[in-house]
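Here is a short tour of some aromatic contacts and a surface feature, with the sequence and structure to follow along.

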Amino acid sequence: MGKITYDNVISRIGYFRTKANLSMRETSLQLGYNPQFMSTIENKTIGLKVKTLLEFCDLVNITPQDFFYMGEQFNKEDKYVLDLFNNLTTENKQTILDLMKKLK
């Protein structure tokens, strides 16, 4: 993936908010802000603060790393597979990679 822009960040907020089945209003209220707060962020009327982004990630149950690394392609199952893979020995990683190449 290339450089992440502010527009990408705002788009990802909308994606993860929707995926968590939260309206802008409900998200605002759960974060402790006025009901229009998320609307002003997603419409880029006000700037997004890092603190708000971190609170948002907690609310939708993702890490900031998930938010930036996978964006709209985020999938908990893929993340689980990556975590399992990362815990393998170098030799076992190579075995899995070889197997995956054969299964294509």
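**Aromatic rings and a nonpolar patch**

F16 counts as buried because its relative accessibility is 2%. Please keep in mind that this is a predicted model. Its ring partner Y15 forms an edge-to-face aromatic pair with F16, at 5.1 Å centre to centre and 75° between the planes.

**Aromatic pairs**

- The structure holds 4 aromatic pairs, and the pair of Y15 and F16 is edge-to-face.
- Y15 has a relative accessibility of 23%, so Y15 counts as partly exposed.
- Y33 and F37 form a stacked pair, with 3.9 Å from centre to centre and 15° between the planes.
- Y33 is partly exposed because its relative accessible area is 25%, while F37 counts as buried because its relative accessibility is 12%, and buried means under 20%.

**Ring cluster**

- Which residues do ring pairs link into a cluster? They are Y15, F16, F67 and F68.
- Within this cluster, F16 is buried at 2% relative accessibility, whereas Y15 is partly exposed at 23%.

**Nonpolar surface patch**

- On the surface, a nonpolar patch is formed by L88, I96, L97, L99, M100 and L103.
- Together, these residues have about 530 Å² of accessible area.
- Where does L88 lie? L88 is found in the loop between α6 (76–86) and α7 (90–103).
- L88 counts as partly exposed because its relative accessibility is 31%, and patches are made of residues with over 30% relative accessible area.

How values were computed: Residues are numbered from 1 along each chain as its sequence is written. This is a predicted model: local features need pLDDT of at least 70, side-chain atom pairs count only at pLDDT 80 or more; totals for chains, interfaces and linings use all residues. Side-chain values use heavy atoms; hydrogens and water are left out. Patches are made of residues with over 30% relative accessible area and no salt bridge: like charges are joined within 9 Å, nonpolar side chains (Val, Leu, Ile, Met, Phe, Trp, Tyr) within 5 Å. Accessible areas come from the Shrake-Rupley method with a 1.4 Å probe; for residues, only the protein chains shown count as cover. A salt bridge is a side-chain nitrogen of Lys or Arg within 4 Å of a carboxyl oxygen of Asp or Glu. Helices (H or I, at least four residues) and strands (E, at least two) are DSSP runs, numbered from the N terminus. Buried means under 20% relative accessible area, exposed over 50%, partly exposed in between (1.4 Å probe, protein chains only). Rings of Phe, Tyr and Trp (its six-membered ring) pair if their centres lie within 6.5 Å; planes under 30 degrees apart count as stacked, over 60 as edge-to-face and the rest as tilted.
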